[in-house]
Amino acid sequence: MTTPLIDSDHMRRVLGHFCSGITVITALGADGRPVGFTCQSFSSLSLDPPLVSFSPARTSTSWPLIRTADTFAVNVLGAGHAELSHQFARSGTDKFRDVRWAPGQFGAPILTGVTAWAECRLWAEYDGGDHTIVAARVLHLHADTDTDALLYYRGAYHIPAPVR
Ligand SMILES: Cc1cc2nc3c(=O)[nH]c(=O)nc-3n(C[C@H](O)[C@H](O)[C@H](O)COP(=O)(O)O)c2cc1C
């Protein structure tokens, strides 16, 4: 049987019905400067060992710098962070301009005010078509339970509302 062709825009539109949070993946580059990119394709993967997963595009210019760092951080954006998400999605710009951050316990940049964060070390990389599937070992993690997450749904930002 032939493999049907799937239109990329159609696929993006349909799968945009799956709602997610948004993260910014950060690390210190070899020159000591922080690097990072907005990443929606994050998920919890394994408890034993503790692993998370996300998928950088093959075109990402930040991932080659992040993957060689000793540790990197997954920053889960909060409800007020839509502009931060935009800023870290602009390739080739000064993404850390006016962004406050501090090194975590393992040295990875933690963005100030994020809802949750995990410091990680690269575990494995797998072929994911035009993306790379990354599995990362969690070294340390923390959540601010008072802050709502920022959601991404059908190409737009949302904030959570409880169902009654
Ligand atoms: C809401 C949102 C989610 C995104 N999710 C991903 C993702 O999962 N993987 C990815 O590689 N890029 C994702 N991007 C796009 C990258 O953030 C964007 O291409 C970024 O500029 C790459 O920067 P870089 O070249 O510095 O790596 C997302 C962008 C937005 C706005």
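Before naming any element, I noted how they are assigned: helices (H or I, at least four residues) and strands (E, at least two) are DSSP runs, numbered from the N terminus. This is a predicted model, where local features need pLDDT of at least 70, side-chain atom pairs count only at pLDDT 80 or more, and totals for chains, interfaces and linings use all residues. Residues are numbered from 1 along each chain as its sequence is written, and side-chain values use heavy atoms, with hydrogens and water left out.

**Entry 1: two backbone details**

I looked up D98 first. D98 lies in the loop between α3 (82-87) and β7 (101-103). Its phi is positive, about 60 degrees, although D98 is not a glycine.

Next I checked P49. This residue is in the loop between β4 (43-46) and β5. The peptide bond from D48 to P49 is cis, and its omega is near 5 degrees.

**Entry 2: the ligand**

Which residues are closest to the ligand? I found S60, T61, S62, A89 and S91, out of 18 residues that surround the ligand. Here a residue is near a molecule or strand if one of its heavy atoms lies within 4 Å of it.

I sorted this shell by type. It divides into eight nonpolar, eight polar and two charged residues. Strand β3 (residues 34-39) gives the largest share of the shell, three residues.

Then I listed polar contacts. A polar contact is a pair of N or O atoms within 3.5 Å; within protein, one must be able to donate a hydrogen and the other to accept it, and residues adjacent in sequence count only if both atoms are side-chain atoms.

- An N or O atom in the side chain of T61 is 2.6 Å from an oxygen atom of the ligand.
- K95 has a polar side-chain atom 2.8 Å from an oxygen atom of the ligand.
- S55 uses a polar backbone atom, 3.0 Å from a nitrogen atom of the ligand.

How much of the ligand's accessible area does the protein cover? The answer is 82% of the 640 Å² that the ligand has on its own. Accessible areas come from the Shrake-Rupley method with a 1.4 Å probe; for residues, only the protein chains shown count as cover.

**Entry 3: the strands**

I noted a general point: strands of a sheet pair through backbone hydrogen bonds, either parallel or antiparallel. Two strands pair if DSSP finds at least two bridges between them.

I followed β9 (residues 116-128) first. It pairs with strand β6 (residues 72-76) in the antiparallel sense over five bridges. A73 has E119 in β9 as its bridge partner. β9 also pairs with strand β10 (residues 131-143), antiparallel, over twelve bridges. In this pairing A118 stands opposite L141, and D127 stands opposite T132.

What do β9 and β10 form? They form a hairpin with two residues between them, and G129 in the turn has a positive phi of about 65 degrees.

β10 is also joined to strand β5 (residues 51-54), by four bridges, antiparallel. There S53 has A135 as its bridge partner.

Last, I traced an open sheet of three strands, in the order β1-β11-β12, with antiparallel pairing. Its edge strands are β1 (20-21) and β12 (156-158), each pairing on one side only. Three bridges join β11 (residues 151-153) to β12, and Y153 has A156 as its partner there.

Conventions. Ala, Val, Leu, Ile, Met, Phe, Trp, Tyr, Cys and Pro count as nonpolar, Asp, Glu, Lys and Arg as charged, and the others, Gly among them, as polar.
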